[in-house]
Amino acid sequence: MVMKRFLGVMVLMMLLFGCSAENSATEKKEGVVVATTGHIADVIKEIGGDHLTVSALMGPGVDPHLYKATQSDLSKLENAEVIFYNGLQLEGQMLDIFDQMSKDKTVLAVGDRLDKAKLLDSEDEGLLHDPHIWFNIDLWKQVVDAVTKTLVAEYPAFKDDFKANEKTYLEKLDELQAYAKKRISEVPDKQRILVTAHDAFNYFGESQGFEVRGLQGLSTEAEYGVKDVQEMVDFLVDNKIKAIFVESSVSDKAMKAVIEGAKQKGHEVAIGGELFSDAMGAEGTEEGTYVGMYQHNIDTIVDALK
Amino acid sequence: MIELWVIITGLLVGITCGMAGVFLILRKMSMIADAISHTVLFGIVMAFIITQTLNGFWMLLGAAVAGILTAYLVQLLHSSGIQQDAAIGVVFTTLFAAGVLLITLFASHVHLDVEHILMGEIAFVPWDKWTFFAITMPKAVWILLLVLLINIGFLLLFFKEMKLATFDSLYAASIGVPILFLHYGFMTSISFTTVAAFDSVGAILVVAMLIGPAATANLISKSIKQMFLFSMLYGGAAAIIGYYLAKFWDTSIAGMMATAVGLLFIMTLCAQKFMDYKRKALVSKLEGV
């Protein structure tokens, strides 16, 4: 009796969900490459052109700290011939498996190929580096170089195309740096202070000449305290800061508390807009590419602070 | 092969947790797994403060100690007269808060969170392999098999005593069953199971599998042996159904397995209510004649 009931439930479940998804035949190009973040995937797309099928594990708007694998990530990782990841502890939970996979295929942590002297420490913990390297365009050019070298070694047949694409892309990055410099010159020196929700913008600040303040630490589990909010409010009032910024992948509740606090002290602070910090915009839009994302951030910051 | 390893891991979690969950449900301690999923934060922070590294072994050890500490503190409060659920609530919030406080004081600039450091992801299981005795299997499968064996061993050794201690502890004590020893032994095996499974497949799946299958089995079982059987069957079935749901919609595998646990529970509950209704209708009809 009981057994029959159990079996009945099982059969019902099977009928409801038994139909499994059809495997969509993906267009086969010459190489299959997977990157963890959208930033790196964008570089590979620029360098690889039509020769590579590129996919990113972390989609638009996904905070790498909170990334959860989906079922299709299984086959993405299994079918990939080359895997690129950021490194510097950004993909904490995946490091072990990348280590294991490097026995069978090419796996590169782009962060490991960078000039160590240019990396920023994660403040007082000397062992670990700040992983948000994409905000320093010079470092990002080193990433492009490392990606190209690895791709050339893996697919020597396309060497010339990869090299040509790299040259074009590096020029684009130089243009981006020039654009950033020009826009930032619109902001008076004293106003070059960037206040954001969490500590993602240290590379940005260092390379573009901004002082950076984050309310929350690197870890998402360290909550901001009342004292942090108080100090931030005083900082805003003392420096007469016009605007602070929210991030696409972090809740803006804390920033609203800070604005409220400054208002009570008679200082109006605006929300300057939303910056892309750990993720990029939706695929197909301007902000879905590295260059577009960076330009969006520069424009948002300059327009709010000038 | 990749998919098969994921399904096998899910099955092992379902069966192991399904088994471990039965006595938890019967002893009204099912929330202990959820409590442990929070208190491990305290454990890994302490491990970091002591060793100053994020080395996986120390983190796991810290988490295991925190799990056992949770279970012992709950028992301590409970035996001093506080209700079981209140004891769990007090212990887990206090230890969790202590963990957050310690991070803010001593480790605010290290990327120290439970999700990152301790919790595994079932989708990545196939690539993290260990080789023992010339057999290469995913690390998670090795660990879960070991945990399953330990759980089976504990049950085989102490089944009768556990049953007595659970249903009539006064009587059990009067005939000389070492209730305290059994309880602490059982809680140690539960913390061990939970932390090892966290490391392999993450928190959501473990908490769901520890509570759901046993609760579902409790609805339809007539004896404790039956309950064990059904709980393991439900756990295994939820793993398989969940995997294919995740494939169908391309979503998180662990998330869908946990959802399947809930679906099975609701369907079983409905089926049982329906049977009850029909039986009552039949009885009243017969009485009418």
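What follows is a short tour of chain B, then a stop in chain A.

**Before you click**

Keep in mind that this is a predicted model. Its overall scores are ipTM 0.71 and pTM 0.78. Colour chain B by pLDDT: the average is 87, and 96% of the residues score at least 70.

**Chain B, whole**

Show chain B as a cartoon and you'll find 11 helices and two strands. Starting from the N terminus, the order is α-α-α-α-α-β-β-α-α-α-α-α-α. The C-alpha trace spans about 80 × 50 × 40 Å along its principal axes. For 289 residues, a compact globule would have a radius of gyration near 19 Å, and the 21 Å of chain B agrees with that. Some 49% of the residues in chain B count as buried. Take the contacts in chain B with a separation of 6 or more: 73% of them join residues 24 or more positions apart.

**The hairpin**

Now select strand 1 (residues 129–132) of chain B together with strand 2 of chain B: they pair in the antiparallel sense over four bridges. Pick B:Trp130 and look across to its bridge partner in strand 2, B:Met137. The two strands form a hairpin with two residues between them, and in the turn B:Phe133 has a positive phi of about 50°.

**Helix 6 of chain B**

Next, select residues 139–167 of chain B, which make up helix 6. Where is its kink centred? Zoom in on B:Phe158, where the kink is about 75°. Then show side chains for the buried residues of this helix: B:Ala140, B:Val141, B:Leu144, B:Val147, B:Phe154, B:Met162 and B:Ala165. Their cover includes helix 1 (2–26), strand 2 (135–138), helix 7 (169–174) and helix 8 (179–201) of chain B.

**Over to chain A**

Colour chain A by domain: domain 1 covers 31–181 and domain 2 covers 182–305. Their C-alpha centres lie 25 Å apart. The contact between them takes 28 residues from domain 1 of chain A and 29 residues from domain 2 of chain A. On the domain 1 side, helix 2 (38–48), helix 5 (137–154) and helix 6 (159–184) of chain A each supply at least two residues. Finish on helix 6 of chain A, which gives the largest share of that side, six residues.

Technical notes: Residues numbered from 1 in each chain as written. Chains lettered and ligands numbered in written order. Bend = angle between axes of the 7 residues up to and from the residue. Buried ≥ 20, exposed ≤ 12 C-beta atoms within 10 Å, placed from the backbone. Contact = placed C-beta atoms within 7 Å. Rg over C-alpha atoms; globule rule 2.2 N^0.38 Å. Pairing = 2+ DSSP bridges. pLDDT = per-residue confidence, 0-100. Domains from an automatic or database assignment.
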